[in-house]
Amino acid sequence: MTLRFAPLAVSTLALAASFAAPAHAQDEAGDSEANAVLAPPPSDGAQVFEPAYFAQFAPRNALDMVSRIPGFTISGGNDQGQRGLGQANQNVIVNGERFSSKSDSLRDQLRRIPASDVIRIEILDGNSTNVPGLTGQVANVVYTRSETSGQFRWETGFRAHNTEAQLFGGEASITGSSGALDYTISISNDNNRFGADGPTIITDGTGALIEEQYTKLSGKFDNPKLATIFGYDFGGGVVANLNLSYREDYFKRSEPEIGTPVNGPVRTRDFYIEEDGPEYEIGADIEFPLGPGKLKLIGLERFERDNFVSTVVDSFSDGSASRGSRFAQVNEAGERIGRFEYGWGMLNADWQLSGEAAFNRLDRVSSLFVLNSAGEFDQIPFPAGIGGVTEDRYEGSLSISRELSDTFSVQLIGAMEFSKIEQTGSAANSRSFKRPKGSFAATWKPADDFDISVTVARRVSQLSFGDFLASVNLNNDNSNGGNNELVPYQSWNVEIEANKTLGEWGSIQLQARQAWFEDFIDWFPLANGGEARGNIGDADRLHLQANATINLDPIGFKGARLDIEAVKRWMNVTDPFTGETRPFSYDQEGMFEIDFRHDIPSTDWAWGANLSHFDNAPYSRRFEAGRDWEGPLWGMLFIEHKDVFGLTVRARAMNLLGARNRWQRTVFDGPRPNGAVLFNEDRNRRIGPIFRLTVSGDF
């Protein structure tokens with residue numbers, strides 16, 4: 001059996017029941033010792049974590065293991081917002097290969113690797129991985145398929161207020177090997193139930209009360225999904241993978257409201273949203289020796305359809321005619337990618353030549369309706385919401401990675417991108433672009449317990465095609481115009497990462513990332529008096545982050561540890577409406593999260609707590625400005641038993657500190673900054689306690 005992983009892992013995730021219980025440590029250690037015979041030796045300079053290190057946590061899968069590496073936080077990964085496949089940007093790889101699925105997160109894919117198949121996890125310098133684009137600290141999960149095995153995770157729960165019970169969340173998967181064939185089959189359901197209730201106060205510019213409102217939000221979503229990965233070793237270094245996934249999305253949200261004005265009749269609002277649609281992805285790749293190196297060919301096809309309907313109806317206590325609107329949208333979005341990667345060794349360095357062709361498309365039909373006196377909805381013209389957008393993009397790049405000494409390594413990537421964006425419909429347009437991009441990274445490791453890396457990069461963002469076409473938000477009574485001149489923003493980035501191991505005390509990681517943006521995208525005034533997402537000029541952002549693991553064993557608290565993450569951002573962009581400098585709309589200005597976990601020695605019990613805070617930036621539009629957030633503090637307690645008839649059972653009680661759903665905005669009667677205040681809105685809704693039960697197991 002050879003080691004391999006489907007780098008294009010479209011394979012997937014979860015239905016039904018999420019049972020994440022740890023296998024018996026002695027059995028896992030035995031399997032790993034047998035598998036280790038098949039594994040290559042650890043990479044030079046790697047910090048190695050063997051399965052025995054994770055035994056106290058009784059992990060079920062690779063995600064459970066990676067999540068327990070001191071000072072390490074999973075980040076990055078391809079998703080639907082990424083520009084094609086491009087260079088790697090995640091900090092976790094498997095058997096030296098990156099994940100490349102557009103439909104699954106890194107966490108989803110790691111969850112499907114049984115812990116018993118993991119031989120070790122290596123913490124590497126990204127420059128030494130032979131995967132262009134990786135920099136800083138990277139986790140390499142080394143594993144092999146042994147025999148057919150299954151695992152499941154079932155998650156259920158409820159909230160005290162405004163929601164249905166969450167019954168059918170989780171995942172069941174089977175992985176195994178038969179001769180030269182490796183396979184993973186999974187069925188999953190990513191779902192949730194949510195809600196909030198409470199008052200909203202509407203006041204005028206002087207603070208005088210206009211109306212008191214009471215809303216009761218409740219909603220749910222389910223995303224059942226079937227996914228497979230097949231890998232086949234033809235021998236002679238020829239390996240192929242086929243990845244298939246199919247998902248259905250279901251979303252519902254209801255938000256009834258009662259408005260009691262100072263003057264006038266009581267208003268009752270019915271507001272609801274429904275959305276559904278299918279999504280599929282097909283991915284395949286083949287790698288084979290060619291000349292002095294290896295050539296990999298990759299293909300991917302992804303399609304998604306969303307059927308969206310939003311309806312709002314206001315009725316009045318004095319019997320006056322009801323008012324209402326309906327907005328409907330059908331979006332069909334697709335992506336087709338072809339890519340080659342040719343890697344070889346030369347001049348004591350790893351080289352890779354790659355090329356990619358990506359074809360993205362969006363077709364949208366939007367419809368707007370108003371309620372007539374007979375209680376029926378009449379359609380009105382909305383041509384700006386109908387049309388299509390396509391982007392044809394071609395990219396070529398050359399990368400070189402080299403270790404200049406035992407303590408110093410570098411990576412250089414040069415790339416050029418050519419693209420053409422075309423729009424159809426009432427605002428048809430066509431434009432072509434040529435953009436250079438790439439990066440330089442260097443890592444210095446003067447000691448086994450310390451390393452520092454620096455990356456300088458030129459990047460191009462991925463556009464949201466929906467921003468090209470108009471849409472309407474009925475409940476908030478605002479609209480987004482289309483913008484057929486939208487272009488991806490570009491950025492220069494300088495990133496520094498330092499990692500220090502603290503021996504038996506744990507480890508710490510510090511990051512500083514500075515970005516300078518061109519053609520930054522935020523809300524933008526249109527010539528017709530409306531607003532849309534648009535390019536508003538230059539901007540910059542400084543991101544500071546610290547991740548630390550502190551083991552409490554040295555002070556006698558055996559089996560206990562703290563995991564701490566903290567982020568602070570400073571952002572500057574010129575508001576196109578007021579000319580003032582402000583943060584990026586909706587971005588995160590800061591956060592912290594503290595996890596405490598205690599695995600009680602010589603028992604199967606663990607318990608812990610979590611404290612977190614998230615600080616969202618305000619937003620700025622042409623006729624309003626505001627801020628949307630939840631908090632101020634989230635608190636959670638959990639208790640876990642690692643062997644309940646072979647299962648892991650974990651109970652969580654969340655939002656114990658009473659975090660609330662908040663929204664504050666000021667709406668003006670004309671364009672800012674000259675418009676007078678029309679009203680101020682202050683929403684303060686109760687979320688309430690949240691309870692979850694997770695059961696995990698193997699079969």
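Start at strand β9, residues 209–235. β9 pairs with β11 in the antiparallel sense over five bridges. Strands here are DSSP runs of E, at least two residues, and helices are runs of H or I, at least four residues, numbered from the N terminus. Two strands pair if DSSP finds at least two bridges between them. Within β11, G259 is the bridge partner of Q213.

A word on the source. This is a predicted model: local features need pLDDT of at least 70, side-chain atom pairs count only at pLDDT 80 or more, and totals for chains, interfaces and linings use all residues. Residues are numbered from 1 along each chain as its sequence is written, and side-chain values use heavy atoms, with hydrogens and water left out.

Back to β11. Strand β12, residues 267–290, is joined to β11 by three bridges, again antiparallel. Here G259 stands opposite R267. The two strands, β11 and β12, form a hairpin with five residues between them. In that turn, G264 has a positive phi of about 110°.

Which residues of β11 are buried? E257, G259 and P261 point to one face and are buried. Buried means under 20% relative accessible area, exposed means over 50%, and partly exposed is in between, with a 1.4 Å probe and protein chains only. In a regular strand the side chains alternate between the two faces of the sheet.

Next, an open sheet. Five strands, mixed pairing, in the order β1-β4-β5-β2-β3. Its edge strands are β1 (47–49) and β3 (97–98), each pairing on one side only. Inside the sheet, β4 (residues 118–125) and β5 (residues 137–143) run antiparallel, joined by seven bridges. L124 sits opposite V138 in β5.

Now the whole chain. It holds four helices and 38 strands. The radius of gyration is 27 Å, close to the 27 Å that the globule rule gives for 699 residues, so the chain is as compact as a globular protein of that length. That radius is taken over C-alpha atoms, and the rule is 2.2 Å times the number of residues to the power 0.38. Along the principal axes, the C-alpha atoms fill a box of roughly 80 × 60 × 45 Å. Buried residues make up 52% of the 699. Of the contacts with a separation of 6 or more, 68% link residues 24 or more positions apart. Contact means heavy atoms within 4.5 Å.

Now some loops. Two peptide bonds are cis. One runs from G631 to P632, with omega near 15°. P632 lies in the loop between β33 (624–631) and β34 (634–644). The other runs from R672 to P673, with omega near 5°. P673 is in the loop between β36 (660–668) and β37 (677–686).

Which way does phi go at D519? Positive, about 55°, although D519 is not a glycine. D519 lies between β24 (506–518) and β25 (521–525). At 31% relative accessibility, D519 counts as partly exposed. S602 is not a glycine either, and has a positive phi of about 65°. S602 lies in the loop between β30 (588–599) and β31 (605–616). At 85% relative accessibility, S602 counts as exposed.
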